[in-house]
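This briefing takes a protein model a step at a time, from the pairing of its strands to its pockets and a few single residues. Please keep the sequence and the structure in view while you read.

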Amino acid sequence: MDDIGTVAQRVSDSVNQVIVGKRDAVELTVVALLSNGHILIEDVPGVGKTTLAKAMAQSLGLSFSRVQFTPDMLPSDVTGVTIYNQKSQEFEFRAGPVMSQILLADEVNRATPKTQSSLLEAMEERQITVDGVTHTLPSPFLVMATQNPIEYEGTFPLPEAQLDRFFLRVNLGYPDRSDEVEVLGAQQHTHPLTAVRQVADVDTILAAQAAVREVYIDQLVHEYIVDLVRATRDHGEVYLGASPRGSLFLYRGSQALAAMRGRDYVIPDDVKNLAVAVLSHRVIVSPAARIRSVDTRDVVREVLDTLPVPGASAA
């Protein structure tokens, strides 16, 4: 098998053909894939959220489903339904779009809480239960959910329990002027997605996910991760800090990022590079801080700036 760094580079290069000028966002997406985690893409319409998910699926040769969430959607529209087959005189399970390897949950915050909750079991347990029967999801399984952070009318904010199940949050943002000019030229005749070719297969991805778990993390880095997460809970502007799941996801993500950069060990910079993406959506600021428009990303950055790094001498 190719080493993890080579596989990650091939996937990143393939996706970067389509998502121009967003290498950091693409790198975070690959980190989540190698860590077997799910992604919340939060950004304004038209910046490439859906295109990113499609490009990932095509680059990996994985099955892809897209669900456009709406207020009238039912949980069975996501998970599937059991129907009676008159010909065989038996009940049959008709799988929903969740039975795919990459699921794009588009505008997930437009669905009702009941429908949103249908994803909880799938994201955490990699299985769904319909009419008392459990169905195992394919592997790898990656949920890429999108939401618009500007328009809140007619939406149902994701509960903390579901936000906590997303490995990290990605923001694409508007492209630079030169990148936007390049996007226009690239789509003159056809969409760049038509040129995306498969660069890895399922076995390669599963082997890479298993290899990531073997990346070494020193005890001092263990303690740094825990201290970082605990500092979000003790911050003066925070009502609810990051959970222990946040510690675990930061641990896994640091292993993946180290492997992608050609190392078999984690350094504190790997942790720092992922902390905002992994922890910020797990932090809830206090009501007083919300009035002052304090952003959770700023809280995590402040914690990173004030917490001593392992091995560094105090100033």
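Two strands are said to pair if DSSP finds at least two bridges between them. With that in mind, isoleucine 41 can be found opposite threonine 146, which belongs to E8. The model is a predicted one, with a mean pLDDT of 89 for the protein and with 97% of the residues reaching 70 or more.

**Confidence along the chain**
- Confidence in the protein is lowest in H7, where the mean is 86, and highest in helix H11, made of residues 244–260, where the mean is 96.

**The open sheet**
- Five strands form an open sheet with parallel pairing, and their order across the sheet is E2-E5-E8-E1-E9.
- Strand E2 (64–68) and strand E9 (168–170) stand at the edges with a single partner strand each, so one side of each has no neighbour in the sheet.
- On average, and with direction ignored, neighbouring strands of this sheet are turned by 20° against each other.
- Within the sheet, E1 and strand E8 (residues 142–147) pair in the parallel sense, and this pairing runs over 4 bridges.

**The largest pocket**
- The largest pocket holds about 760 Å³ of space, and of the 29 residues that line this pocket, Leu163, Arg169, His281, Val283 and Thr296 lie nearest its centre.
- Two or more lining residues are given by each of strand E1 (39–42), helix H7 (160–163), strand E11 (284–285) and helix H14 (296–306), and H7 gives the most, with 3 residues.
- Sorted by class, the lining of the largest pocket is made up of 12 nonpolar, 9 polar and 8 charged residues.

**The second largest pocket**
- About 340 Å³ of space lies in the second largest pocket, which is lined by 17 residues, with Val18, Gly46, Val47, Gly48 and Val183 closest to its centre.
- Helix H8, which covers residues 177–186, provides the largest share of the lining of the second largest pocket, namely 3 residues.
- By class, the lining of the second largest pocket consists of 9 nonpolar, 6 polar and 2 charged residues.

**Buried and partly exposed residues**
- Phenylalanine 69 sits in the loop between E2 and helix H4 (76–79), and with a relative accessible area of 1% this residue counts as buried, because buried means under 20%.
- Although phenylalanine 69 and alanine 111 are 42 residues apart along the chain, their C-alpha atoms are separated by 5.3 Å.
- Glutamine 58, a residue of helix H3 (residues 49–60), has a relative accessibility of 32% and therefore counts as partly exposed, which is the class between under 20% and over 50%.
- The C-alpha atoms of glutamine 58 and glutamine 162 are separated by 27 Å, and the two residues are 104 residues apart along the chain.

**Backbone details in loops**
- Serine 139 and proline 140 are joined by a cis peptide bond with omega at about -5°, and proline 140 is found in the loop between strand E7 (133–136) and E8.
- Glutamine 89, in the loop between strand E3 (80–85) and strand E4 (90–95), has phi near 55°, a positive value in a residue other than glycine, and is exposed, with a relative accessible area of 59%.
- Aspartate 131, in the loop between strand E6 (127–130) and E7, likewise has a positive phi near 55° in a residue other than glycine, and is exposed, with a relative accessible area of 61%.

Definitions and conventions. Residues are numbered from 1 along each chain as its sequence is written. This is a predicted model: local features need pLDDT of at least 70, side-chain atom pairs count only at pLDDT 80 or more; totals for chains, interfaces and linings use all residues. Side-chain values use heavy atoms; hydrogens and water are left out. On a 1 Å grid over the protein atoms alone, a cavity is a set of points where a 1.4 Å probe fits but cannot get out, and a pocket is an open set with protein on both sides within 12 Å along at least five of seven lines; lining residues have an atom within 4 Å of a point. Grid points are joined across faces, edges and corners, and a volume is the space filled by probe spheres set on the points. Ala, Val, Leu, Ile, Met, Phe, Trp, Tyr, Cys and Pro count as nonpolar, Asp, Glu, Lys and Arg as charged, and the others, Gly among them, as polar. pLDDT is the predictor's confidence in each residue, from 0 to 100. Axes are lines fitted to C-alpha atoms, for helices over the stretch in contact, and angles run from 0 to 180 degrees between N-to-C directions. Buried means under 20% relative accessible area, exposed over 50%, partly exposed in between (1.4 Å probe, protein chains only).
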